[in-house]
Amino acid sequence: MKEMLLKERVDELESRLAFQDDTIQALNDVIAAQQLELGRLRRSLELLAQRQAEFAAQLPDTGGDEAPPPHY
């Protein structure tokens, strides 16, 4: 009787372990894919920031302290 209970418990633990191994692998795959996507997004952000800086450098400097037009 005790052997049967022990065998059932071991079988249950082995089943849980296999499920946990599968879950861990699936989570690892998701994390790896997210790391790749994060790298792509960082590179895109860097390129956008560079383009914005280049665009801003091409704009004429207005000084920002100009008086409003007389009709205001």
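Student: Which residue does Arg16 form a salt bridge with?
Tutor: In this predicted model, Arg16 forms a salt bridge with Glu12, and the closest N and O atoms of the pair are 3.1 Å apart.

Student: Where do those two lie, and how many residues apart?
Tutor: Arg16 and Glu12 both lie in helix H1, where a spacing of four residues puts them about one turn of the helix apart.

Student: How many salt bridges does the structure hold?
Tutor: The structure holds four, including one between the side chains of Lys7 and Asp11, at 3.2 Å from N to O, and one between Glu46 and Arg43, whose closest N and O atoms are 3.4 Å apart.

Student: How far apart along helix H1 are Glu46 and Arg43?
Tutor: Glu46 and Arg43 are three residues apart, about one turn of the helix, while Lys7 and Asp11 are four residues apart in helix H1, which spans residues 2-58.

Student: Switching topic, how many helices and strands are there in the protein chain?
Tutor: The protein chain has one helix and zero strands. Its radius of gyration is 31 Å, well over the 11 Å that the globule rule gives for 72 residues, so the chain is more spread out than a compact globule.

Student: And what does the C-alpha trace span?
Tutor: Along its principal axes, the C-alpha trace spans about 100 × 25 × 15 Å, and 0% of the 72 residues count as buried.

Conventions
Residues numbered from 1 in each chain as written. Predicted model: local features only at pLDDT ≥ 70, side-chain atom pairs only at ≥ 80, totals over all residues. Heavy atoms only, no water. Rg over C-alpha atoms; globule rule 2.2 N^0.38 Å. Buried < 20%, exposed > 50% of the residue type's maximum accessible area, 1.4 Å probe, protein only.
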